[in-house]
2 protein chains.
Amino acid sequence: MKHYSISEASAKLTIPESTIRYYEKKGLLPLIERDEAGRRLFSDDQIMFLQIIIYLKNTNMPISRIKQYVDWVVEGDGTIDLRLDLFIKHKQTVLDDMALMTEALKAMDKKIERYTNRIQSSKQGKEEK
Amino acid sequence: MKHYSISEASAKLTIPESTIRYYEKKGLLPLIERDEAGRRLFSDDQIMFLQIIIYLKNTNMPISRIKQYVDWVVEGDGTIDLRLDLFIKHKQTVLDDMALMTEALKAMDKKIERYTNRIQSSKQGKEEK
DNA sequence: GGTTGACTTAAACCATGGTTTAACACGTAT
DNA sequence: ATACGTGTTAAACCATGGTTTAAGTCAACC
């Protein structure tokens, strides 16, 4: 199992190194090994774990809540029901957000249509001159 | 055409009054009338305009960009093509965001499934004792 | 042996999007 | 006339999520 440096992890996940360090400082990346010189070493598992965190971040889960999840993971099997609940609740939050966005998209489509029509008719106005 | 007080507008759009004032200060609500005592009066049109702003906010358009849109609206018909372009681009941004969220949802669904299975089998383990 | 490049840290800084506070003004019901 | 509810303002404050800076270590190449 290969290990990645922070720059490799950064490249693989397309996320700045500064963000990875920030996440670790916030407690989102426990158990990361270091080499003799103190450099972070990311295993494949840890890359995957970070990917999950990025998914949660991409769906606007606050860092404090991600931290809660991470703590539960560290705590072990006794917290599986809590984690399941967290994912189920978060999924619903995301679906609600997307519903809001879809509603906004509908309004934007109307705007786009109306503006397109106005531009069309103003062009016609010119042609008819 | 009736006019609404800030509290009525707030209730109608389910958004805090403080936010409405904040938006006005940021220039997102030009042309709002005031009564003799200096209180804001919102027409139906302005309520609808604010609703659009809320849609843009709900889809994570930064206030600076919303301001740009508002300025173009104030400027008049000469900016219709710019506004159309803004909406088309923003729509794509929103679709991209939703794609990211959908991808995250897929990962969450896998987690939910795995956790559910683990909980199931741990229950079975108990029963078999 | 000295510079380069990749890494480390803690702490300061920044942008965003509001919310809260303090101090004050108005109109109406008691 | 006074107290209440509702409004006003500017400015301070807050949370979130990073990014940047300053100061330093280490290994390796030239």
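Colleague: How much area do chain B and chain A bury between them?
Modeller: In this predicted model, chain B and chain A bury about 3300 Å² between them. Carbon and sulfur atoms account for 79% of that area.

Colleague: And how many residues of each chain are in contact?
Modeller: On chain B, 35 residues are in contact with 35 residues of chain A.

Colleague: How many salt bridges and polar contacts are there between the two chains?
Modeller: The count between chain B and chain A is four salt bridges. The rule also finds eight residue pairs in polar contact across this interface.

Colleague: Which elements of chain B give two or more residues to the side that touches chain A?
Modeller: They are α3 (44-58) and α5 (80-128) of chain B. The largest share, 27 residues, comes from α5(B). By class, that side of chain B has 20 nonpolar, six polar and nine charged residues.

Colleague: Which residue of chain A forms a salt bridge with B:R118?
Modeller: The partner is A:D77, with the closest N and O atoms 2.8 Å apart. B:R118 lies in helix α5 of chain B and A:D77 in the loop between α4 (63-75) and α5 (80-128) of chain A, so the pair joins two chains. B:R118 counts as partly exposed, at 30% relative accessibility, whereas A:D77 is exposed at 57%.

Colleague: Changing topic, what does B:R40 pair with?
Modeller: The side chain of B:R40 meets that of B:E24 in a salt bridge (2.5 Å, N to O). B:R40 is in strand β2 and B:E24 in helix α2 of chain B, 16 residues apart.

Colleague: Is B:R40 buried or exposed?
Modeller: B:R40 is buried, because its relative accessibility is 17% and the limit is under 20%.

Technical notes. Residues numbered from 1 in each chain as written. Chains lettered and ligands numbered in written order. Predicted model: local features only at pLDDT ≥ 70, side-chain atom pairs only at ≥ 80, totals over all residues. Heavy atoms only, no water. Contact = heavy atoms within 4.5 Å. Buried area = accessible area lost by both parts, 1.4 Å probe. Polar contact = N/O pair within 3.5 Å; in protein donor to acceptor, adjacent residues only side chain to side chain. Helix = DSSP H or I, 4+ residues; strand = E, 2+ residues; numbered from the N terminus. Nonpolar A, V, L, I, M, F, W, Y, C, P; charged D, E, K, R; others polar. Buried < 20%, exposed > 50% of the residue type's maximum accessible area, 1.4 Å probe, protein only.
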